[in-house]
Amino acid sequence: MHMDSSSDEEDDRRNLVDQNHRKPPSPVPAAAFHVENLSPRFRRLNFSLQKKYIVAILAILLVILFFSVADFHSLFSNSSLPFDSLTNRMKESELRAINLLRQQQLGLLTAWNTTRRSNASDPNKLEDLKSALFKQISLNREIQQVLLKPHSTGNIAEPEFDLNATLNGVVYDRCRAVDQNLSQRRTIQWNPRDGKFLLAICVSGQMSNHLICLEKHMFFAALLNRVLVIPSSKVDFQYDKVVDIDRINKCVGKKVVVTFDEFSNLKKGHMHIDKFLCYFSKPEPCYLDDERLKKLGALGLTMNKPEAVWDEDTRSPKKKTVQDVLGKFSYDDDIMAIGDVFYAEVEREWVMQPGGPIAHQCKTLIEPNRFISLTAQRFIQTFLGRNFIALHFRRHGFLKFCNAKKPSCFYPIPQAADCILRVVERADAPIVYLSTDAAESETGLLQSLVVLNSRPVPLVIRPARNSAEKWDALLYRHGLEGDPQVEAMLDKTICAMSSVFIGAPGSTFTEDILRLRRGWGTASICDEYLCQGEEPDIVAENE
């Protein structure tokens with residue numbers, strides 16, 4: 001094509017040359033005006049004028065272009081061009097989408113209200129459904145906000161799309177606190193008669209068992225209108241290291257408990273148990289062997305031989321009522337003892353209610369002392385934050401104990417990890433506090449398996465003392481650091497303050513944590529025993 005174009009141009013030039021040669025110019029009359037005859041000076045003047053006109057025209061065009069560019073946005077924004085029409089259509093579509101989402105939200109809210117009124121056979125499934133619905137409602141609201149943002153003036157959306165109004169103040173916490181119905185709480189007044197005492201004797205198990213035994217002794221003392229004598233540290237644990245004894249009196253509003261030393265001073269060495277009546281007759285009367293009786297005698301106590309009031313076995317306790325107790329233990333003697341009552345089943349629902357069965361002004365009567373409570377709060381602030389799960393993962397000596405039960409309560413680590421993950425996902429908590437006696441080999445494997453959405457969920461174990469950390473300074477300053485009972489109570493307190501608690505089935509350590517959670521109002525509807533409702537996927541044979 002380029003060659004053809006060049007040939008055409010050459011032909012045109014040739015033709016023009018030929019024509020000029022063949023046709024000479026005709027003579028022109030002298031009177032005719034011809035530009036060719038103008039003088040060179042005039043032609044230069046004419047060309048100069050043309051240049052000025054061109055420059056002036058270009059200048060005018062530049063000015064027009066400048067003002068056009070400067071006002072470009074206003075020209076288009078005030079016009080009725082197709083661009084503006086497209087913008088309006090986009091806005092209309094977006095607002096329509098928001099309206100549809102709003103209708104969806106109202107439908108989901110209706111479903112939410114329906115589930116609230118329904119009675120499901122499985123409360124957990126119903127709560128999971130409620131949680132899923134509410135998440136969708138919240139997500140819907142977020143989508144509306146995103147779509148509505150371009151159509152807002154400043155921070156104020158168009159009034160017909162008030163997103164807060166559509167939720168009607170509905171909030172939902174899947175693992176919210178249990179409603180304790182405190183207005184329905186049944187209580188008994190504790191009004192001790194002058195000079196009447198009940199000696200608390202607790203011998204079974206570790207500190208958790210003893211605290212439960214002590215709480216039941218308080219109920220018996222209230223029923224019998226007696227002052228309760230806290231056991232001596234010479235034959236029992238040192239209770240005042242973990243519990244504020246005097247606080248119990250303040251909560252009740254009168255002197256209802258005394259330490260053994262106070263009791264000894266009141267009696268001035270004349271301490272005789274007038275009525276030693278045993279609640280349990282088996283496996284031995286009052287659940288006391290000869291060695292324990294000798295230890296009691298070494299405190300300066302004198303006594304008659306313990307005597308059972310009925311046939312009652314610690315291994316299969318029968319349910320008893322207040323009338324049963326009053327009928328067997330109502331005496332006017334000054335000092336009484338009824339032996340260990342840890343296994344006693346008296347008015348269980350009454351005794352187990354939040355805050356216990358006795359009328360008082362506190363949340364619960366037996367709770368950690370102030371130093372332990374503050375240390376637990378400082379530990380939580382340092383390592384855990386407000387939203388955390390606590391897990392009591394008992395392992396040491398638990399294998400044989402659980403396998404003696406039907407079904408067993410000892411779970412393989414992988415199965416336990418799956419159970420923990422279900423609670424973590426349900427509670428939407430980022431971290432787990434691990435209260436355990438397990439070996440590092442077990443906790444290490446458990447940590448490797450507790451992974452949610454490709455991210456490990458940290459399992460935090462309370463560390464050994466480090467002088468660079470100050471969360472445990474109170475215990476150190478008051479000589480409580482390193483005491484095993486104090487550390488056990490600290491673990492309980494941290495667990496009792498958690499958002500959700502996973503307990504070890506069959507453990508009194510767990511039961512005492514649940515007692516505190518009921519009393520403090522921290523019990524969650526997501527609280528459960530580890531792998532609750534499941535059996536271990538493998539159980540070893542008995543010896």
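**Overall make-up**

The protein chain has 19 helices and 17 strands, where helices (H or I, at least four residues) and strands (E, at least two) are DSSP runs numbered from the N terminus. The model is predicted: local features need pLDDT of at least 70, side-chain atom pairs count only at pLDDT 80 or more, and totals for chains, interfaces and linings use all residues. Residues are numbered from 1 along each chain as its sequence is written, and side-chain values use heavy atoms, with hydrogens and water left out.

- Of the 543 residues of the protein chain, 41% count as buried, that is, under 20% relative accessible area (1.4 Å probe, protein chains only).
- Contact means heavy atoms within 4.5 Å. Among contacts in the protein chain between residues at least 6 apart in sequence, 80% join residues at least 24 apart.

- Six strands form an open sheet with parallel pairing, in the order 3-2-1-9-5-7; two strands pair if DSSP finds at least two bridges between them.
- Strand 3 (257-258) and strand 7 (307-308) are the edge strands, each pairing on one side only.
- Helix 9 (residues 260-267) packs on the sheet and touches strand 1 (197-199), strand 2 (227-229), strand 3 and strand 9. The direction of helix 9 makes about 130° with that of strand 1.
- Strand 5 (residues 275-278) runs parallel to strand 9 (residues 335-337), and two bridges join them. F276 has A337 in strand 9 as its bridge partner.

**Helix 7 and helix 19**

- Helix 7 (residues 207-223) and helix 19 (residues 508-520) pack at an angle of about 50°, with their axes 8 Å apart. Axes are lines fitted to C-alpha atoms, for helices over the stretch in contact, and angles run from 0 to 180 degrees between N-to-C directions.
- Helix 7 and helix 19 are therefore oblique to each other; angles under 35 degrees count as roughly parallel, over 145 as roughly antiparallel, 65 to 115 as roughly perpendicular and the rest as oblique.
- On helix 7 the contact is made by S208, N209, L211, I212 and E215, and on helix 19 by T508, F509, E511, D512 and R515.

**Helix 8**

- Helix 8 (residues 245-252) is mostly covered, with six of its eight residues buried.
- The buried residues of helix 8 are I245, R247, I248, N249, C251 and V252.
- Helix 7 and strand 3 are among what covers these buried residues of helix 8.

Methods: Buried means under 20% relative accessible area, exposed over 50%, partly exposed in between (1.4 Å probe, protein chains only).
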